[in-house]
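Please look through the structure below before reading on. The text after it goes from the whole chain to single residues.

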Amino acid sequence: ILDRSGKPANFLSLYDPIFTQPNDYNSGGYTGASIKVDTTSGTGNIIFNGDIIITSPDATFAGASPGTDEFILGSSRSVILRSGGNIQTVNIDTFPDPNLFPKTGQTGPIILQAAGNIQTGTIKADNFGGDARSISLTAGGNISTGELRAIVSSVNGNGGDINVNAGGSFTLIGNIASFSPSRAGHITLKAKGDISINCPNASVCIESFAGGVSGLIPTGNSG
């Protein structure tokens with residue numbers, strides 16, 4: 001998606017933002033309903049030069065069959081990027097609109113799969129008053145990300161699972177967090193190459209625990 005000068009442009013979509021093509025997909029930022037981009041029919045790269053911000057499920061797929069991408073897109077604020085090449089994005093956020101009160105919403109999973117490398121900024125699948133959702137990153141090559149976060153800041157809701165599987169190395173700049181007052185999600189990091197975590201505070205590089213409510217016991221963190 002380019003502007004008139006041929007540069008990647010930001011865009012907004014309220015319904016049905018699904019793009020399937022064999023060649024490169026190149027865009028600026030995106031704000032709108034759940035989005036899916038798939039270039040696995042070829043070797044096309046997926047590139048977002050701006051943030052991806054999901055504001056609603058895709059109403060076009062409301063009532064779709066469970067177990068399908070359409071069900072994920074239609075029932076939650078979600079991002080699905082599958083590339084036959086590389087994936088490059090800035091930040092991704094499926095957290096409900098902070099202007100809503102209370103901050104409840106249908107936060108959905110974030111799924112990135114690439115035959116080559118994945119490079120992203122911060123990824124958030126948080127929620128308030130409901131479950132956080134999963135973050136899943138799978139690449140045949142290297143994976144490099146900013147902060148990965150799937151947390152719930154209210155009593156009602158569980159932290160989301162965070163899964164990273166790299167055919168090469170995995171590099172994180174920031175921390176990884178999955179927790180809530182009731183239950184944490186699972187954090188799984190796999191790589192055939194090195195795993196490097198560069199975070200500002202070594203005691204909280206990886207956080208996965210339940211806390212803040214009487215009777216609950218933290219289940220683990222990097223400290």
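Predicted model: local features only at pLDDT ≥ 70, side-chain atom pairs only at ≥ 80, totals over all residues.

Residues are numbered from 1 along each chain as its sequence is written, and side-chain values use heavy atoms, with hydrogens and water left out.

The protein contains 1 helix and 22 strands; these are DSSP runs, H or I of at least four residues for helices and E of at least two for strands, numbered from the N terminus. Of its 223 residues, 46% are buried. Buried stands for under 20% relative accessible area, exposed for over 50%, and partly exposed for values in between, with a 1.4 Å probe and protein chains only. Among contacts (heavy atoms within 4.5 Å) with a separation of 6 or more, 58% are between residues 24 or more positions apart. The protein exposes about 10,100 Å², and carbon and sulfur atoms supply 51% of that area. Accessible areas come from the Shrake-Rupley method with a 1.4 Å probe, and for residues only the protein chains shown count as cover.

An open sheet of 7 strands runs in the order β3-β6-β9-β12-β15-β18-β21, with parallel pairing. Its edge strands, β3 and β21 (195-198), each pair on one side only. Two strands pair if DSSP finds at least two bridges between them; β3 and β6 run parallel and are joined by 3 bridges. Across from Phe48 in β6 stands Ser27.

Phe48 also belongs to the largest nonpolar core, which has 33 residues; Phe48, Ile52, Leu81, Leu137 and Leu148 have the most contacts inside this core. A second, separate core of 5 residues includes Phe61, Ala64, Leu73 and Ile111. A nonpolar core is a set of buried Ala, Val, Leu, Ile, Met, Phe, Trp, Tyr and Cys residues joined through side-chain atoms within 4.5 Å. Not counting residues up to four places away in sequence, Leu137 touches several residues, including Leu112, Ile143, Leu148 and Val164.

How many aromatic pairs does a search of the whole structure find? It finds 2. Phe19 and Tyr25 form a tilted pair, 5.1 Å centre to centre with 45 degrees between the planes. Rings of Phe, Tyr and Trp (its six-membered ring) pair if their centres lie within 6.5 Å; planes under 30 degrees apart count as stacked, over 60 as edge-to-face and the rest as tilted. Phe19 counts as partly exposed because its relative accessibility is 24%, whereas Tyr25, at 3%, counts as buried. Tyr25 and Phe48 form another tilted pair, with 5.4 Å between centres and 45 degrees between planes. This pair links distant parts of the chain, as Tyr25 in strand β3 (residues 25-27) and Phe48 in strand β6 (residues 46-48) are 23 residues apart. Phe48 is buried, with a relative accessible area of 1%.

The last stop is Ala191, in strand β20 (residues 187-191). Ala191 counts as partly exposed because its relative accessibility is 26%. Leaving aside neighbours within four places in sequence, Ala191 is in contact with Ala166, Gly168, Ser169 and Phe170. The C-alpha atoms of Ala191 and Ala139 are separated by 9.5 Å, and the two residues are 52 residues apart along the chain.
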